[in-house]
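Here's a quick briefing to read alongside the sequence and the 3D view. Take a look at the structure first, then work through the notes.

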Amino acid sequence: MCGLFGFVGGGEPSPVLEERLRSMHRPIRHRGPDSFGTHVEPGIAFGFARLAINDLGGGQQPMYSEDGRVVAMTTGEIYNQRELRARLTAKGHVFKSSCDTEVVPHLYEEYGPDFVTHLDGQFAVVLYDRRERLFVGARDHFGVTPLFYTYTGGTLVFGSEIKAILEHPSVVRAVDPVGLDQVFTLPGLVSPRTMFRGVRSVPPGTMVVHRLGEEPRERQYWDLVYPRADEEVERHSDTYYAQRLEELLVASVEKRLQSDVGVGLYLSGGLDSSLVGAIMRRLMPQEEILSFSAAFPERELSEAGHQRTMSRFLRTDHHERFIHGDEISERLPDVIRHTECPLKESFDAAAMALSESVNELGMRVVLTGQGADEFFGGYIGYRFDQVRAGQKAGFDGDSLREAELRARVWGDENFFYEGDDVAFRTTKRRLYAPGLLADHPDIDCLEHPLLDRERLVGLHPLHRRSYIDLKVRLADHLLGDHGDRMAFANSVESRHPFLDRELVEFLTTVPTDLKVRGLEEKYLLKQVARNWIPQEIVDREKFGFTAPGSPYLLRQRDERITSLIDPERIRADGYFDADEVSRLTARYSEPGFRINVPFEKDLLMTVITFNLLLDEYELPRRGN
């Protein structure tokens, strides 16, 4: 995976375009420190920062069709490129490298913008058809790879990270308050929303098409489709589902080992990454595998013991990174510069430290266990659904308002996601500055569309939650600010075997009682895992990733943190109510105070990291 950036539109001379590309390249050089490639002509400027993983000597980008009509760049990995290359060669196309990107311009010549439906992998693709004056950009099915853009003054500006887009002189830096409300309300941002007004995140499974002189249009090319609960679906034996799951998972890991450099493993000590590691070891019986784990000195937060157990079992060269509280506060400014959004937890600091360890050992690729929870019912909410089945909303005023909101947002008046949203509205309104509320009466993110509710109609509760988790939790938070941005801060590409399109599409056919059986989550996955990893890892209680929160940071009396929530600063910024922030600070500073994650939100962490975002990106203050 690498970094891409550029713009289409405008009529500046080539030297100006070249210099503009260089200014966009500088802030995202970490995504591709090995080389810098460009394509510049009137009305188009493409830039590429390369992280060399495959075809080390011949993978320079941009790449072109034989006649030069199509210019293309890809960041990420196209895992079926060999099959595509063979098919295109049979049709007469000529290739000059073994780089996966080279299939893109030839695929476009055959299929037009629908070329993206033939790709299997994690990718962001941009291309320009010079004859048709047409730009096409696309993001992979699950949103592993980011792609952002904005359209201003007749120019479309794009980039793998927003910081590149902000370097373009036509882009105005401003906060999107609805994005801030998403971070408070949901796990994180949800595409196409970002923290920067006018800058859009291309949603997973979506392409943006832009003909010069016209407005850009977004079009979804793939989505997760679950059967309706009343739909007749053929039921196979439990053995069939287990064998097919194992077969697809092994194939997925094997795809993601394609690399001309070494591939390591993020080892959390839980079921998912342990199973991925066991498959790696079976496929690489004699090769050295480096594994990496983040741990905390606090026993209640640490999984170090389980991580060591799995490392011994897998015979990996294991590297632990212990994260102390003072390191979290030191890293937070860098974390926020890379995430490009505020956070409600500090674990991204540990994720950044972990990728730093990978980089220090000369590694560039790691496999992870990310993505299993969303499709096997791994979060506590899936068990709550089992317990709450058949319960109806109450008849008092608050319950009826909550039911109405849930029906409108989630398609089911009894669906409980992050909390009681009506009650949380009151909490947020106390926290926001009165001036912000007056200027942005539409700040409540739940009053804006979040996802396609038609996809939720008639679904089994487990499938409903899975679809919502994919859209609201996984793509932009876990894969985005927590995954991609923290890995690429240190020039590391993460790959996710559970996020394989063929595997996930198979999982839509697996009966729900094989995913959550009674109150046991990941039932089918555990049955497969028993053939691969120690029983103590399979049967251990799920341990959610947590890290020291704002109460811990406050107790360190770190001036860098306390200055961010100083009442004078809060008033000058104009986004939060200074009295409410002071009240939260006093409460969070009380001896022994703890936030019960995931059932309570660390509001002050979001205030702290939002103010860091203001500083890092020199965003406008609103004044008293």
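In helix H24, the buried residues are Leu-603, Leu-604, Met-605, Thr-606, Val-607, Ile-608, Thr-609, Phe-610, Asn-611, Leu-612, Leu-613 and Leu-614 (buried means under 20% relative accessible area, with a 1.4 Å probe and protein chains only). Keep in mind that this is a predicted model, where local features need pLDDT of at least 70, side-chain atom pairs count only at pLDDT 80 or more, and totals for chains, interfaces and linings use all residues. Residues are numbered from 1 along each chain as its sequence is written, and side-chain values use heavy atoms, leaving out hydrogens and water.

**Helix H24**
- Since 12 of its 14 residues are buried, H24 is largely enclosed by the rest of the structure.
- H24 covers residues 603-616 and reaches 20 Å from first C-alpha to last, close to the 20 Å expected at 1.5 Å a residue (the expected span is 1.5 Å times one less than the number of residues).
- Helices here are DSSP runs of H or I with at least four residues, and strands are E runs of at least two, numbered from the N terminus.
- Just after H24, Glu-618 has a positive phi of about 50°.

**Its partner, H9**
- H9 (residues 325-339) packs against H24 at about 70°, with the axes 9 Å apart (axes are lines fitted to C-alpha atoms over the stretch in contact, and angles run from 0 to 180 degrees between N-to-C directions).
- The two helices are therefore roughly perpendicular, a label for angles of 65 to 115 degrees.
- Leu-332, Pro-333, Ile-336 and Arg-337 of H9 meet Thr-609, Leu-612, Leu-613 and Glu-616 of H24 (contact means heavy atoms within 4.5 Å).

How values were computed
Buried < 20%, exposed > 50% of the residue type's maximum accessible area, 1.4 Å probe, protein only. Parallel < 35°, antiparallel > 145°, perpendicular 65-115°, else oblique.
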